[in-house]
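Thanks for making the time this morning; I would like to walk you through one model, taking the strands and then a pair of helices. Please have a look at the chain while I bring it up.

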Amino acid sequence: MYQLYYYPLNASMAPHFILHELNVDFELIKVDRKSNAQKTAEYLVLNPAGRIPTLVDDGVAIFESPAICIHLSENNPSANLIPELGLPNRALFFQWMMYLTNTVQAELMVYFYPQKHTSNESDVAGIVATQETRITAMLELLDSELEGKDYLVGDSVTACDFFLFMLSVWADEFERPPLSFRNLSRYLKNLAKRQSIIDVCKKEGLSLADYA
């Protein structure tokens with residue numbers, strides 16, 4: 001049975017979506033960020049980076065949210081959450097997964113933790129404003145990509161969609177939030193109807209009222 005070490009609305013949200021989508025047995029273990037439980041010696045044995053999430057699969061600990069999403073998708077091929085080896089969409093899957101994690105998520109981390117990127121407190125407000133502008137441009141790119149499409153890759157849901165939904169939740173307080181974009185809004189509202197997303201959002205305390 002899988003074990004997912006998580007914290008609500010954290011980077012563990014995408015793997016949590018996928019575990020529900022797969023309808024597999026798993027144990028959810030909360031890591032209390034408020035008390036820095038992810039930095040305890042016990043947790044660092046599983047995840048030396050001291051970050052959330054961690055997935056334990058048959059005694060093997062895996063960290064980094066996209067790696068966990070890909071691992072779960074590869075090891076449960078009947079769910080079709082990742083294109084099979086040799087299919088053209090497989091390259092596109094990795095393209096978008098890398099864009100979401102290496103570009104969008106990375107820029108969001110600077111937005112949320114600007115103080116880690118300067119030694120001058122007076123720079124913080126400027127960093128936040130600049131990051132929001134940068135990320136909004138990324139949302140524009142994704143909105144354009146989703147023109148006439150229900151999913152980011154191919155004709156069925158993949159792990160990329162769950163990852164993008166998570167990142168969109170994080171950006172929901174922007175001046176131009178994801179739901180303000182025509183294609184992205186339609187796409188997100190469609191995903192929000194999936195039972196896996198409904199179940200996880202209920203468990204993690206996120207209202208989907210705006211996605212109705």
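Let me begin with a term: when I say that two strands pair, I mean that DSSP finds at least two bridges between them. Please also keep in mind that what you see is a predicted model.

With that in hand, strand 1, which covers residues 2–6, pairs with strand 3, residues 54–57, in the antiparallel sense and over three bridges. Within this pairing, Y5 stands opposite T54 of strand 3.

Strand 3 also has a partner in strand 4, residues 60–63, to which it is joined by four bridges, again running antiparallel.

Now to the helices. How are two packed helices described? By the angle between their axes and by the distance between those axes. For helix 3, residues 65–74, and helix 4, residues 88–112, the angle is about 155 degrees and the axes are 11 Å apart. An angle over 145 degrees counts as roughly antiparallel, and therefore helix 3 and helix 4 are roughly antiparallel to each other. Helix 3 passes helix 4 in a right-handed crossing. On the side of helix 3 the contact is made by P66, C69, I70 and E74, while helix 4 contributes R90, F93, F94, M97, M98 and T101.

Note on methods. Residues are numbered from 1 along each chain as its sequence is written. This is a predicted model: local features need pLDDT of at least 70, side-chain atom pairs count only at pLDDT 80 or more; totals for chains, interfaces and linings use all residues. Side-chain values use heavy atoms; hydrogens and water are left out. Axes are lines fitted to C-alpha atoms, for helices over the stretch in contact, and angles run from 0 to 180 degrees between N-to-C directions. Helices (H or I, at least four residues) and strands (E, at least two) are DSSP runs, numbered from the N terminus. Angles under 35 degrees count as roughly parallel, over 145 as roughly antiparallel, 65 to 115 as roughly perpendicular and the rest as oblique. A crossing is left-handed if the near helix is turned anticlockwise from the far one by less than a right angle, and right-handed if clockwise. Contact means heavy atoms within 4.5 Å.
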